[in-house]
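The sequence and the structure come next.

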Amino acid sequence: MDIFICYFVDYFRTEGLFVNITYVLSGVAKGAVCLDGSPPAYHHDKGFGTGINSWLIQMEGGGWCNNVTTCLSRKNTRLGSSKQMVENLAFSGILSNLPQFNPDFYNWNRVKVGYCDGSSFTGDVQAVNPITNLHFRGARVFLAVMEDLLAKGMKNAENAILSGCSAGGLTSILHCDSFKALLPMGAKVKCFSDAGYFIDVKDISGAPHIEEYFRDVVSLHGSAKNLPPVCTSKLKPDLCFFPQNVAQHVRTPLFLVNAAYDSWQMKNTLAPGLADPHGSDTFIKNILAPGVADPYGFWLNCKLNILKCSSRQLQIMHVKTHSSGYRLLFLRALNALGPSSSRGYFINSCFAHCQTEVQETWYRADSPKLANKTIAKALGDWFYDKNPFQKIDCPYPCDKTCHNRVFDPNVHTFDIDI
């Protein structure tokens with residue numbers, strides 16, 4: 001009980017800033033709408049002092065929808081409708097307004113963009129099926145929000161970061177150069193992806209599950225024309241949804257934070273707030289061990305808690321040398337980007353996903369560290385050109401600073417940090 005009480009006291013102390021929602025009503029006339037046709041929305045806490053002309057744009061995550069059924073299951077949730085987004089959103093971690101919790105960005109304009117299109121803001125289909133009333137307009141939503149922010153002062157930005165977590169982290173990679181093009185010529189503009197480096201590998205059954213899934217996403221949302229042309233001119237559009245095929249072409253400086261044992265990529269997760277209208281849960285199909293690849297549930301306990309993985313499962317995840325271990329494949333996909341002095345990365349060996357939006361893993365005395373630096377310190381130093389940062393952790397379980405995620409098998413929520 002004491003631990004429970006202390007957790008919530010700490011929660012309200014560090015996450016006590018609540019920010020009002022802003023609806024981009026002007027976007028509707030341009031067809032920039034969520035899945036259900038509602039206007040885009042974001043939460044914005046204004047910058048102050050030296051940060052008044054600095055902007056941190058955080059794109060919300062939340063997976064994707066790859067067919068009419070999965071999009072309908074999102075349509076009446078916050079991931080498909082601004083009508084369902086919270087009026088007041090708690091800002092913490094990278095969005096905190098307190099210097100002791102967010103030393104480099106606390107006084108910037110900090111914006112959390114609501115994710116309500118299911119395509120990492122890449123979709124653009126003009127036609128709307130009158131039966132489903134689904135709108136696939138993610139790319140228009142992105143532009144409408146940015147235009148609204150430019151009009152509210154971002155046009156005078158001296159510093160700017162496009163960031164995001166998970167599907168929002170993928171957004172920050174795919175839209176990085178186009179974001180920079182919107183900003184003043186002399187502005188310092190960089191991009192940051194947290195847990196958005198999804199890799200193109202086969203699942204434990206040998207099936208190209210995630211590749212097929214992304215192919216459906218790109219096709220349904222009409223995303224091809226909004227993916228980086230430097231990639232689509234050489235590869236099939238769905239392959240350009242994978243960061244490993246895009247990031248090497250991003251000209252704007254890019255920082256990647258990712259767990260080499262990303263807990264989302266390892267497991268099936270129920271997207272928050274989603275439920276199938278017919279009563280069954282709607283699962284986002286993940287990469288290494290989706291349910292379709294593990295019909296007998298041999299990976300269930302391992303996916304819920306890395307401490308419960310067998311030696312063979314850990315080998316597949318590349319705790320030991322393994323020619324096709326997941327960690328090794330992840331690092332190969334990362335190394336495919338090639339050398340770049342402007343690129344930064346913080347790749348730890350935690351069983352985690354999205355480490356920048358909660359205080360515990362962003363910046364606290366016991367936060368994860370590489371080279372004795374927290375994620376917040378590494379990113380801040382990199383952004384301000386104080387020190388480059390390109391660090392890859394040793395294999396699990398050598399890192400004792402991790403906050404490894406433990407999932408309750410009876411509750412379809414994301415995580416409890418330990």
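## Ring contacts

The charged end of K188 sits over the ring of F383, 5.8 Å from its centre. K190 also places its charged end over the ring of F383, at 5.6 Å from the centre. A charge sits over a ring if NZ of Lys or CZ of Arg is within 6 Å of the ring centre and within 35 degrees of the ring normal.

The model is predicted: local features need pLDDT of at least 70, side-chain atom pairs count only at pLDDT 80 or more, and totals for chains, interfaces and linings use all residues. Residues are numbered from 1 along each chain as its sequence is written, and side-chain values use heavy atoms, with hydrogens and water left out.

The structure holds 18 aromatic pairs. Rings of Phe, Tyr and Trp (its six-membered ring) pair if their centres lie within 6.5 Å; planes under 30 degrees apart count as stacked, over 60 as edge-to-face and the rest as tilted.

| Pair | Centre to centre | Angle between planes | Type |
|---|---|---|---|
| W64 and F198 | 5.1 Å | 80 degrees | edge-to-face |
| W64 and F241 | 6.3 Å | 65 degrees | edge-to-face |

W64 lies in the loop between β3 (54–59) and α2 (68–75) and F198 in the loop between β7 (188–194) and α6 (209–221), so their pair ties together parts 134 residues apart in sequence. Helices (H or I, at least four residues) and strands (E, at least two) are DSSP runs, numbered from the N terminus. F241, in the loop between α7 (229–232) and β8 (254–259), is 177 residues from W64.

W64 and F198 are both buried (under 20% relative accessible area, with exposed over 50% and partly exposed in between; 1.4 Å probe, protein chains only). F241 is buried too. One aromatic cluster is formed by W64, F198, Y213, F214, F241 and F242.
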